[in-house]
Amino acid sequence: MFDDAIVNKTANDPVSVANAEQAEPTAPIPDAHPQTGYSEKTGSYDLRAIAIAITGWILPGFGHALLKMWGRAVTIFLAVGFLVYLGAGLRGNLFAPGGDDAFARLGYAADLGTGSFYFIARSLEGSGPDVSHADGDYGTRFLATAGVLNLLAALHAYEAARRRKA
């Protein structure tokens, strides 16, 4: 349908070689990677976006607060905080580092996703988890959900800091 509008020029074509020699040099492209955050001048990725993501992970919602997204920041802080409070209140299992199997390591990664709330919940866990009842099992799920939610929020803060649609 559109094949007749496309003209194939090769390096052996004398017309295209002559036109290439007569063509004026073009200015170099200032930023060859506009969407990746890579800067040709510094040769590094945008450290500001990485710092915002890390602070958003350590303290839930703080990455969005640094970007002046106040409503989102408060919502994330309250949602993650409530899920951790509810999970710890139901005596859910907070996974420790160095688990025996893949599920224990995955649970630790999800729990650690809550950032500083993980260490607060760990310090408040005096009598240990109670997963023999349904309450403790639900608490474990709430803690893991809080961690994954916070990791997704930190990823969103990173993408928003890079001015990409997230």
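**From patch to ring pairs**

A: Helix α2 gives the most to the nonpolar patch, with four residues. (Helices are DSSP runs of H or I, at least four residues, numbered from the N terminus.) This is a predicted model: local features need pLDDT of at least 70, side-chain atom pairs 80 or more, while totals for chains, interfaces and linings use all residues. Residues are numbered from 1 along each chain, and side-chain values use heavy atoms, without hydrogens or water.

The patch lies on the surface and is formed by L47, I50, I54, I58, L59, F62, L66, V74, F77 and L78. Together they have about 860 Å² of accessible area (Shrake-Rupley, 1.4 Å probe). Patch residues have over 30% relative accessible area and no salt bridge (Lys or Arg nitrogen within 4 Å of an Asp or Glu carboxyl oxygen), with nonpolar side chains joined within 5 Å. Two or more residues each come from α2 (47–58), α3 (62–66) and α4 (70–89).

Now follow F77, in helix α4. F77 is partly exposed, at 36% relative accessibility (buried is under 20%, exposed over 50%, partly exposed in between).

The structure holds three aromatic pairs (ring centres within 6.5 Å; planes under 30 degrees apart are stacked, over 60 edge-to-face, the rest tilted). F77 and F117 have ring centres 5.6 Å apart and planes at 65°, so they pair edge-to-face. This pair joins α4 to α6, 40 residues apart. F117 is buried, at 11%.

Ring pairs link Y108, Y118 and F119 into a cluster.

Note on methods:
Patch = residues over 30% accessible without salt bridge, like charges linked within 9 Å, V, L, I, M, F, W, Y side chains within 5 Å. Salt bridge = Lys/Arg side-chain N within 4 Å of Asp/Glu carboxyl O. Buried < 20%, exposed > 50% of the residue type's maximum accessible area, 1.4 Å probe, protein only. Phe/Tyr/Trp six-rings, centres within 6.5 Å; stacked < 30°, edge-to-face > 60°.
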